[in-house]
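This report walks through one protein chain, from its overall make-up to selected contacts. Keep the sequence and the 3D view open while reading.

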Amino acid sequence: MNSYTTYKRLIAKTVIISLLASLAIAFVYGIFIKKRAIDDLARVDARKTSRLAFEALYSAMEKGWSKEELDSIIVRLNDVEPNMRINAYRSPIVAELFGDRENDKNIREHDPMVASAMKGEEILAGDDEIRYLYPIEVKKECLSCHTNAKVGDINGVIDVRFPVANLKISLTTMINSFIIFFVSFTIIIFAILYYKLNALLVQPIKQFIVMIQDIISNNDMAKRISLKTKILEVKNIENYFNKMLDSIQDYYEKLQELSDRDYLTGLYNRRKFEEFLTYEVKRSVRHRHKFTVLMIDLDNFKYINDTYGHASGDLVLKEVTNIFGSNLRNADVLARIGGDEFAVILPETSYESGYAVVEKLRSSLEVTPISLMFDQVSLTASFGIAEYPEQGENIETLLTGSDLAMYKAKRAGKNTIARADQSDQEMASEIQKKGEFLRRAIDEDRVEPFVQPIYDVKSGDIFGYEVLARIRDGQRYMAAGQFIEVAESLGFAPKIDQIILTKGLLAREEKGMWDKRFFFNLSTKSLFGGDYVDVIKAHYERYPQGIENTGVTIEILEREAIHNVNGLMDIIEEMKKVGITFALDDFGSGFSSFVYLKYFDTDYVKIDGEFVKNIVVNEKDRIFVKHIHQIAKEFGKRTIAEYVEDKETLDILKEIGVDYAQGFHYGQPHQLV
């Protein structure tokens with residue numbers, strides 16, 4: 001049986017019960033109405049009949065009729081309505097003057113109701129038969145005959161008897177009774193339906209809402225809904241909502257775990273590690289303990305990823321986690337804070353004790369081979385140590401100090417342990433100052449785009465512009481070379497790239513320079529983490545005439561491309577679908593430059609300026625530029641020469657056949673005005 005049928009039967013049952021209850025009430029009420037109506041009608045009819053009888057008798061008496069004639073009048077009145085009986089009894093006053101009728105005295109003495117009526121009391125009595133006794137008072141006009149009486153005395157009693165079955169209830173009474181019954185029935189039905197719906201539907205829904213509010217306000221995903229109702233649909237809501245809560249709780253717990261732990265190794269992540277570090281600083285301040293922070297970076301881990309693949313690299317990270325974990329105490333905190341970077345907190349551990357732990361970690365990693373496919377590899381790592389409070393009294397300085405020590409260990413030849421000294425701390429302090437300068441520049445909107453023109457070598461016309469980042473510092477502008485390395489190391493580069501891209505495209509729109517190509521330098525980190533495609537698409541969709549491509553080229557640094565070749569190839573492919581072109585920047589600065597021409601579907605090759613600026617005086621540089629241009633042409637790329645600073649350099653580039661050129665010979669970077 002489906003829920004709809006169940007609910008329909010429930011409503012039908014409610015209506016039937018309500019109808020039966022209403023009929024019962026109507027029956028009781030009808031009996032009451034009948035009794036009331038019969039009493040009222042009997043009283044009215046009896047009074048009317050008695051009055052008529054009295055008037056008839058009085059009229060006869062005025063004419064001087066005899067007692068027999070008066071009795072005949074009563075007989076005729078009874079004949080008019082056979083089912084009704086009328087009698088008239090003389091009072092003792094009338095009997096004294098005119099004599100008693102037959103049985104009058106006996107009735108006066110033995111019928112209590114007649115005796116009471118003789119005293120002036122009007123009487124209505126009876127169930128199956130209504131009896132009405134009407135006392136006849138002496139009036140002034142009666143004194144002419146009834147000389148022995150006075151006004152107010154009782155001359156007699158008229159006795160009228162009616163069978164109840166012969167009484168008819170009036171139409172008005174019946175209509176009013178039905179109206180009352182219908183209204184009562186309707187009220188009862190709606191009252192019962194309201195109660196039922198309120199109990200079965202409204203109250204469960206209110207309870208449902210209150211429970212949801214409680215779950216939301218207390219963020220308690222463990223609570224479950226329990227509704228008191230017989231309606232199957234509402235119970236289904238309860239069941240499905242509880243199932244949804246089960247799923248949400250499951251996802252919540254998984255998200256909570258992911259927010260605290262690294263998905264691959266199960267170790268704490270950087271955010272959670274910093275929470276533990278903050279707690280340890282506070283605890284050490286309170287109890288005056290020292291503790292040690294370790295930064296660990298695996299040596300040559302990229303080689304494993306490139307040689308054996310990322311799946312094998314993940315396996316190595318898990319094995320390294322096991323090696324480190326087996327050599328640490330339960331109270332120590334081990335975290336994975338980056339790709340191949342780990343961090344450790346050693347509570348209540350001085351530098352000397354911490355160094356012994358680090359040496360144990362280093363040697364265990366070095367001597368434990370890790371099996372990969374059909375091979376075994378041995379790993380080493382570089383370790384940096386920072387001690388609280390000697391190397392720092394807060395988490396920022398401790399993290400910076402241990403980071404610097406780890407990089408110091410790498411520079412010392414890897415597979416070693418280092419501790420940051422004063423000079424390292426001063427360098428870190430300088431980096432922090434530059435980082436604060438960059439943060440303020442971004443917040444205060446002082447990052448501005450400058451442009452340097454790129455010319456067509458053959459025609460001498462402007463082909464496009466390279467958009468460069470500058471920071472306004474008072475009346476001067478800082479070039480990118482003064483801040484870009486710090487920006488990249490502190491993670492500000494993507495934000496600066498976003499600002500330059502947005503402002504550069506806006507300036508292009510405002511100047512209406514839709515026929516000029518704009519080149520933007522975006523780091524690979526920016527490409528992997530930004531919404532640059534949407535920004536560029538929104539830009540060229542505003543061009544009123546419509547264009548076949550965006551007129552936007554993204555420059556990729558050769559030294560950055562090597563870190564994620566496959567991922568970068570995918571990004572280039574996707575962005576080229578919407579008309580974005582690419583250029584390999586500083587081409588020739590690396591040993592494997594020509595390999596990138598094979599893998600990256602770029603449109604332009606920007607020849608490294610270090611070769612271009614000396615082609616007038618250095619034959620080797622000229623040969624190198626010539627071959628870069630020729631190979632690029634073979635791959636269908638156009639070439640752009642950088643650092644063109646004089647006419648002689650430009651003439652050689654024309655002779656070689658380079659397509660475009662930029663440099664101080666054409667103009668220095670400037671704002672678009």
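A crossing of two helices is called right-handed if the near helix is turned clockwise from the far one by less than a right angle, and left-handed if anticlockwise. By that rule, helix 8 passes helix 12 in a right-handed crossing. The model is predicted.

**The helix 8 and helix 12 crossing**

Helix 8 covers residues 270-287, and helix 12 covers residues 395-411. Their axes come within 10 Å and cross at roughly 115°. Helix 8 brings Phe273, Glu274, Leu277, Thr278 and Val281 to the contact. Helix 12 brings Ile395, Leu398 and Leu399. Sorted by class, this contact has 6 nonpolar, 1 polar and 1 charged residues.

**The chain as a whole**

The chain has 23 helices and 20 strands. It holds 673 residues, and 43% of them count as buried. Take the contacts between residues at least 6 apart in sequence: 65% of them join residues at least 24 apart.

**Nonpolar cores**

The largest nonpolar core has 60 residues. Those with the most contacts inside it are Ile471, Ile496, Phe520, Ile536, Ile554, Val625 and Leu653. Helix 15 (residues 493-511) gives the largest share of this core, 5 residues.

What does isoleucine 471 touch, leaving aside neighbours within four places in sequence? Its contacts are Phe437, Leu438, Ala441, Arg446, Val447, Arg476, Tyr477, Met478 and Phe483.

Isoleucine 296 lies in strand 5, which spans residues 291-298. Its relative accessibility is 0%, so isoleucine 296 counts as buried. Residues up to four places away in sequence aside, isoleucine 296 touches Phe324, Asp340, Glu341, Phe342, Val344, Leu361, Ala381, Ser382 and Phe383. Isoleucine 296 and alanine 343 are 47 residues apart along the chain, yet their C-alpha atoms are separated by 5.9 Å.

**Aromatic pairs**

The count comes to 15 aromatic pairs. Two of the pairs are set out here.

| Pair | Distance between ring centres | Angle between planes | Type |
|---|---|---|---|
| Tyrosine 351 and tyrosine 355 | 6.0 Å | 55° | tilted |
| Tyrosine 455 and tyrosine 666 | 4.2 Å | 10° | stacked |

Why is the pair of tyrosine 351 and tyrosine 355 tilted? Planes under 30 degrees apart count as stacked and those over 60 as edge-to-face; the rest are tilted. The planes of tyrosine 351 and tyrosine 355 are at 55°, so this pair is tilted. Both residues sit in helix 11 (residues 351-367). They are 4 residues apart there, so about one helical turn separates them. Tyrosine 351 is buried, at 17% relative accessibility. Tyrosine 355 is partly exposed, at 34%.

The planes of tyrosine 455 and tyrosine 666 are at 10°, so that pair is stacked. This pair links distant parts of the chain, 211 residues apart. Tyrosine 455 belongs to strand 12 (residues 447-456). Tyrosine 666 is in the segment after strand 20 (660-661).

Terms used
Residues numbered from 1 in each chain as written. Predicted model: local features only at pLDDT ≥ 70, side-chain atom pairs only at ≥ 80, totals over all residues. Heavy atoms only, no water. Axes fitted to C-alpha atoms, helices over the stretch in contact; angles between N-to-C directions. Helix = DSSP H or I, 4+ residues; strand = E, 2+ residues; numbered from the N terminus. Contact = heavy atoms within 4.5 Å. Nonpolar A, V, L, I, M, F, W, Y, C, P; charged D, E, K, R; others polar. Core = buried A, V, L, I, M, F, W, Y, C linked by side-chain atoms within 4.5 Å. Buried < 20%, exposed > 50% of the residue type's maximum accessible area, 1.4 Å probe, protein only. Phe/Tyr/Trp six-rings, centres within 6.5 Å; stacked < 30°, edge-to-face > 60°.
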